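Have the model open beside you as you read.

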Amino acid sequence: MTHRDTPESILDLADQTGVNTIQVHGIVTLDTLKAVHAAAGSRKVLRAVHVSGEEAIADALESAAHCDGLLLDSRSKDRLGGTGKTHDWSISRRIVEAVAEIGTPVILAGGLNPGNVGAAAEKVGPFGVDVNSGVDDANGDKSPTLCRDFVRNAARTRD
């Protein structure tokens, strides 16, 4: 994931790191997203959409045709993700339904943890889920137990 906001800087970072997926945040313009996607080559491009209100639906629809997947995330006034806070999953569900015709996969993020990932996946119906701080232990390190529980609880919704 990068917070860079020009096609050149985003693609330069991707070239330097050798990644096969480029995740850009909602701060990039639609023109920047289009340019990155057009020049990404075999790399996939994910667009983070910050679900902070109804406007996220239009943002997702506008972006869906110009990327390989959407990542629905929370944001705060000072953070573009990594907030540890959930957002309105009913809006996320509407996004999943809205982009289904286009065929763009949707990944749900934002405040997910082993205790809520099952309910979130059932309510939203995403292609996949993403976790960061929701599996951290008290020291801020990834907990193998929490990671295992997260995966188990997310997988239960697929049964």
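## Around His87

His87 is buried, at a relative accessible area of 10% (buried means under 20% relative accessible area, exposed over 50%, partly exposed in between, with a 1.4 Å probe and protein chains only). This is a predicted model, in which local features need pLDDT of at least 70, side-chain atom pairs count only at pLDDT 80 or more, and totals for chains, interfaces and linings use all residues. Residues are numbered from 1 along each chain as its sequence is written, and side-chain values use heavy atoms, with hydrogens and water left out.

Where does His87 lie? Its place is the loop between β3 (69–73) and α4; helices (H or I, at least four residues) and strands (E, at least two) are DSSP runs, numbered from the N terminus. Leaving aside neighbours within four places in sequence, His87 is in contact with Val51, Leu72, Asp73, Ser74, Ser92, Leu108 and Ala109, where contact means heavy atoms within 4.5 Å. The C-alpha atoms of His87 and Ser52 are separated by 6.8 Å, although the two residues are 35 apart along the chain.

Gly110 belongs to another loop, the one between β4 and α5. Gly110 counts as buried, at 8% relative accessibility. Between the C-alpha atoms of Gly110 and His87 there are 6.7 Å, with 23 residues separating them along the chain. Not counting residues up to four places away in sequence, Gly110 touches Leu72, Asp73, Ser74, Lys85 and Thr86.

## The chain as a whole

The secondary structure of the protein chain comes to six helices and five strands. From the N terminus on, these elements run α-β-α-β-α-β-α-β-α-β-α. Of the 159 residues in the protein chain, buried residues make up 42%. If you take the contacts between residues at least 6 apart in sequence, 52% of them join residues at least 24 apart.

## Cores and a strand

In soluble globular proteins, nonpolar side chains tend to be buried together. A nonpolar core is a set of buried Ala, Val, Leu, Ile, Met, Phe, Trp, Tyr and Cys residues joined through side-chain atoms within 4.5 Å. The largest such core here has 33 residues, and those with the most contacts inside it are Ile22, Leu70, Leu72, Ile95 and Leu108. Helix α4 gives this core its largest share, five residues. A second, separate core of five residues includes Leu46, Ala48, Ile107 and Ala109.

Leu70 is worth a look. Beyond its neighbours within four places in sequence, Leu70 is in contact with Arg47, Val49, Ala60, Ser63, Ala64, Ile95, Val99, Thr104, Pro105, Val106 and Ile107.

Val106, one of those partners of Leu70, is found in strand β4 (residues 106–108). Val106 is buried, with a relative accessible area of 3%. Its C-alpha atom is separated by 5.9 Å from that of Leu71, 35 residues away along the chain. Setting aside neighbours within four places in sequence, Val106 is in contact with Leu70, Leu72, Val96, Val99, Pro126, Phe127 and Gly128.

## How the helices pack

Two packed helices are described by the angle between their axes and the distance between the axes. Axes are lines fitted to C-alpha atoms, for helices over the stretch in contact, and angles run from 0 to 180 degrees between N-to-C directions.

| Helix pair | Angle | Axis distance |
|---|---|---|
| α1 (residues 7–17) and α2 (residues 30–39) | about 35° | 9 Å |
| α3 (residues 55–64) and α4 | about 30° | 9 Å |
| α4 (residues 89–99) and α5 (residues 117–124) | about 45° | 8 Å |

Packing at about 45° makes α4 oblique to α5; angles under 35 degrees count as roughly parallel, over 145 as roughly antiparallel, 65 to 115 as roughly perpendicular and the rest as oblique. Trp89, Ser90, Ser92, Arg93 and Val96 of α4 meet Ala119, Ala120, Glu122, Lys123 and Val124 of α5 in this contact. By class, the contact of α4 with α5 has five nonpolar, two polar and three charged residues (Ala, Val, Leu, Ile, Met, Phe, Trp, Tyr, Cys and Pro count as nonpolar, Asp, Glu, Lys and Arg as charged, and the others, Gly among them, as polar).

With an angle of about 30°, α3 is roughly parallel to α4. The contact joins Ala56, Ile57, Ala60, Leu61 and Ala64 of α3 to Ile91, Arg94, Ile95, Ala98 and Val99 of α4. Its residues divide into nine nonpolar, no polar and one charged.
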